[in-house]
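Biologist: I would like a close look at one part of this model, followed by an account of the packing around the rest of the chain.

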Amino acid sequence: MTRKPNILTPSSESLYLAAQNLRLGKLVAFPTETVYGLGGDATNDRAIASIYAAKGRPQFNPLIVHIADKKEAPDLVIWNKSAEKLADTFWPGPLTLVLSRAPDSPIALLASAGLDTIAIRCPDHPIAQQLIEQTQRPLAAPSANASGKLSTTCAQHVQDSLGEDVSLILDGGPCPVGVESTVLDMTSKPPTLLRHGGVTKEQLEAYLGEIQESLHDESAPKSPGMLLSHYAPTIPLRLDAQTASEEEAVLLFGDEEKVKGGGVRLNLSAKGDLTEAAANLFAMLHQLDQEKFKGIAVAPIPQTGLGAAINDRLRRAATK
Ligand code: TXA
Ligand code: MG
């Protein structure tokens with residue numbers, strides 16, 4: 001097969017370029033020991049929105065945040081003794097820990113899809129590690145495949161699946177583990193295994209005692225209330241609004257004239273750009289979620305591209 005120009009062999013030049021692109025909010029596909037990741041700056045909502053756009057998922061599924069060393073974890077999540085023990089044993093390696101978001105965590109709200117937990121792991125791959133270090137940012141990275149397609153374990157498959165959406169692909173050859181990381185939710189007692197992967201349940205139980213299982217089918221759409229309980233505003237949300245009362249907050253999209261009235265008005269994207277709207281979604285919902293308002297009136301949002309995921313999220317918040 002012919003190699004397209006954006007597949008690069010790792011070198012100090014290509015790593016420098018990749019890190020620079022990531023810092024500018026662009027996407028870079030990189031190898032990990034499990035599968036290739038579609039990486040973006042985990043602290044940049046715009047970069048995260050473009051990850052969701054590239055994957056073409058109709059929903060926001062929370063992403064794994066990759067770090068180069070466990071000492072970076074306590075700034076991002078609420079770290080504890082059990083997490084430390086697991087990290088000492090299995091990191092770097094194919095184990096993802098779900099922990100509560102740290103109060104001043106710099107991780108973009110969109111990366112955790114509005115959850116108050118963050119999934120974090122330290123990949124055991126020299127290129128992944130060097131890339132995170134050079135970028136000096138944690139990297140959010142789902143498996144580098146379009147939604148509904150197989151995870152990718154070589155650069156050419158990434159190129160075939162997502163080539164047009166990434167600035168470049170770092171070619172680290174085939175991924176040695178070949179299956180995704182194990183996902184373990186540490187916020188429950190006992191901890192809950194959310195996804196089987198490179199580290200086995202038995203290996204974990206040797207350190208933690210018994211753990212429970214609550215596996216979800218990643219290919220099936222999650223219904224509201226299932227497993228992942230997302231943030232929803234405490235005041236009511238109303239969709240497809242055309243007018244709002246003075247006691248309501250308004251969340252606009254595009255043309256301001258589409259919704260009249262309202263006490264406070266915020267625009268997800270004045271220019272009607274769905275990627276910008278996705279990047280602003282959670283922060284703006286938080287901003288408008290104030291007791292002094294009777295509710296939030298949301299302007300109609302197109303159902304195309306990222307609009308599907310935005311509408312899915314808003315619909316769930318409206319019917320909670
Ligand atoms: O091996 C891997 O984990 C690869 C490489 C690139 O690191 N990444 C990967 O990411 O498989 P992705 O996005 O395809 O899968 C992430 C999984 C999903 O099942 C997601 O629901 C779960 O992690 N997840 C992420 N954040 C979560 C959270 N806060 N709570 C519960 N589950 C979470
Ligand atoms: Mg995946």
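Leaving aside neighbours within four places in sequence, which residues is Asp312 in contact with?

Modeller: This is a predicted model, and what follows should be read as such. Once its neighbours within four places in sequence are set aside, Asp312 is in contact with Pro58 and Gln59. Asp312 belongs to helix 9, which runs over residues 307-318. Its relative accessibility is 14%, and because buried means under 20%, Asp312 counts as buried.

Next, the nonpolar packing. The largest nonpolar core has 76 residues, and within it Phe60 and Leu97 touch the most other members. Helix 8, residues 274-288, supplies the largest share of this core, with nine residues. Domain 1 (6-213) and domain 2 (237-318) both give residues to the core, so it lies between them.

Helix 2 (residues 45-55) packs against helix 8 at an angle of about 120°, and the two axes are 8 Å apart. Angles over 145 degrees count as roughly antiparallel and 65 to 115 as roughly perpendicular, and helix 2 and helix 8 are therefore oblique to each other. The crossing of helix 2 past helix 8 is right-handed. On the helix 2 side the residues that meet helix 8 are Asp45, Arg46, Ala49 and Ser50, and their counterparts in helix 8 are Thr275, Glu276, Ala278 and Ala279.

A further helix pair joins helix 1 and helix 5. Helix 1 covers residues 12-23 and helix 5 covers residues 126-135; they pack at an angle of about 55°, with their axes 9 Å apart. That angle makes helix 1 oblique to helix 5. Here too the crossing is right-handed. Helix 1 contributes Leu15, Tyr16, Ala18, Ala19, Leu22 and Arg23 to the meeting, while helix 5 contributes Ile127, Gln130, Leu131, Gln134 and Thr135.

To return to the part you asked about: Asp312 is a buried residue of helix 9, in contact with Pro58 and Gln59 when its neighbours within four places in sequence are left aside.

How values were computed:
Residues numbered from 1 in each chain as written. Chains lettered and ligands numbered in written order. Predicted model: local features only at pLDDT ≥ 70, side-chain atom pairs only at ≥ 80, totals over all residues. Heavy atoms only, no water. Core = buried A, V, L, I, M, F, W, Y, C linked by side-chain atoms within 4.5 Å. Buried < 20%, exposed > 50% of the residue type's maximum accessible area, 1.4 Å probe, protein only. Helix = DSSP H or I, 4+ residues; strand = E, 2+ residues; numbered from the N terminus. Domains from an automatic or database assignment. Axes fitted to C-alpha atoms, helices over the stretch in contact; angles between N-to-C directions. Parallel < 35°, antiparallel > 145°, perpendicular 65-115°, else oblique. Left-handed = near helix turned anticlockwise from the far one by under 90°. Contact = heavy atoms within 4.5 Å.
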